[in-house]
Amino acid sequence: MATEAEVKYESTCKCGQVKIELRGEPIVSLVCFCNDCSATTKYCDEKAAAANKQNISMEEKAGGQGLFGTSFWLAHMEFAKGEDRLVSFKTPNGKNVRTYSNCCMTCMICVGGKDFPYAGRGLNTNTLTVAKTGAKFAPSVIHRIMGALAPKEVWDLVPAPKSRYVSFSFLFTLLPKILFPWFFPGAGANKGRRTPGFYNSVTEVTEEVPLATYHALGRKLDLLDPKKLA
C-alpha cells in the first residue's frame with residue numbers, strides 16, 4: 001500500500017484483480033503510433049479476445065491504433081494487489097519490458113524494464129482513475145507522436161496536437177528527467193525491484209509479439225532484423 005502522502009490516482013485492470021496506487025502527478029502522457037507500440041496494443045487486445053476476456057485497451061479511441069500511456073515516477077508507484085498477476089512480454093527488436101495482467105489481459109505497465117532510460121514507468125492511461133472520486137483520469141496535455149509510421153487513414157483521424165515524429169514540447173518535458181534524474185523526486189526509488197516492468201531485463205523475457213500482429217496492422221518491425229524476418 002502507498003504510505004507516503006495520499007494516493008492520487010489508481011491504475012486498475014478491467015476485472016479489478018490488479019491495482020497500482022500512485023502518488024504525485026504524472027510525468028507525461030502520450031499516444032505513440034510507432035510500429036512497436038501499435039503492435040503492443042493490438043497484441044494485448046488479441047490475447048483478451050482469444051481468451052474470451054474483456055480487457056482495457058490502450059487505444060485512445062477504438063480503432064485508432066497507437067499506445068495511450070502515462071508515466072509516473074517509480075517512487076510514486078506501489079501495488080495494492082495483483083503484482084503476481086503481471087506477465088512480461090516484449091516486441092521482437094524492442095528494449096522495453098511491457099506487462100499485461102494474466103486475469104483479463106489488460107496491459108498495465110506499457111513501457112519499462114531494466115534498460116528504460118529514466119526512473120519512471122509508463123502505465124496504460126485508460127486504466128487510470130482519480131483515487132478520491134473514481135473519475136476517469138483525463139490528461140491536461142497529450143503528446144501524439146510518431147504519426148509518420150501510422151497508416152494515413154488512421155493518422156488523418158487523430159486529433160491535434162500531433163507530430164509526425166517527436167514534438168519539441170515532448171522532448172522538453174522528458175529529456176531533463178533522463179539527463180538530470182537527481183533533480184527529480186523518485187529517481188532511483190524501487191531500483192532493482194524485480195516486478196515485471198520495473199527492473200527485469202528484456203533478455204529474460206521470452207513472450208514476444210509475433211510478426212503476424214504487425215502484419216495485421218499493415219506495419220513492419222521498427223528495426224528490421226533479417227534473422228527475425230527469416
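The model is predicted, so local features need pLDDT of at least 70 and side-chain atom pairs count only at pLDDT 80 or more, while totals for chains, interfaces and linings use all residues. Residues are numbered from 1 along each chain as its sequence is written, and side-chain values use heavy atoms, with hydrogens and water left out.

**Exercise 1. Describe the open sheet of 5 strands.**

The strand order is 8-9-4-3-11, and the pairing is mixed; two strands pair if DSSP finds at least two bridges between them. Strand 8 (109-111) and strand 11 (143-145) stand at the edges with a single partner strand each, so one side of each has no neighbour in the sheet. From one strand to the next, the twist averages 40 degrees, where axes are lines fitted to C-alpha atoms, for helices over the stretch in contact, and angles run from 0 to 180 degrees between N-to-C directions. Strand 3 (residues 28-32) and strand 11 run parallel and are joined by 3 bridges, and valine 31 has arginine 144 in strand 11 as its bridge partner.

**Exercise 2. Work out the surroundings of threonine 70.**

Threonine 70 lies in strand 4 (residues 67-73), and it is buried, with a relative accessible area of 0%. Residues up to four places away in sequence not being counted, threonine 70 touches Pro26, Val28, Ser29, Arg121, Gly122, Leu123, Thr125, Leu128 and Phe137. Of these, arginine 121 is 51 residues from threonine 70 in sequence, yet the C-alpha to C-alpha distance is 8.1 Å. The side chains of threonine 70 and threonine 125 are joined by a polar contact of 2.7 Å; such a contact is a pair of N or O atoms within 3.5 Å, and within protein one must be able to donate a hydrogen and the other to accept it, while residues adjacent in sequence count only if both atoms are side-chain atoms.

**Exercise 3. Identify the buried side of helix 3 and what packs against it.**

The buried residues of helix 3 include Phe170, Leu174 and Lys177. They lie on the same side of helix 3, because they cover an arc of only 60 degrees around the axis, the arc being that of the directions from the helix axis to the C-beta atoms. Exposed residues Phe168 and Phe172 are carried on the face turned away from that buried side. The partners of the buried residues are strand 3, strand 4 and strand 11.

**Exercise 4. Compare the positive phi values of asparagine 52 and methionine 105.**

Asparagine 52 has phi near 55 degrees and sits in the loop between helix 1 (35-50) and strand 4; at 73% relative accessibility it counts as exposed. Methionine 105 has phi of about 65 degrees and sits in the loop between strand 7 (98-101) and strand 8, where methionine 105 is buried at 13% relative accessible area.

Key
Helix = DSSP H or I, 4+ residues; strand = E, 2+ residues; numbered from the N terminus. Buried < 20%, exposed > 50% of the residue type's maximum accessible area, 1.4 Å probe, protein only. Contact = heavy atoms within 4.5 Å.
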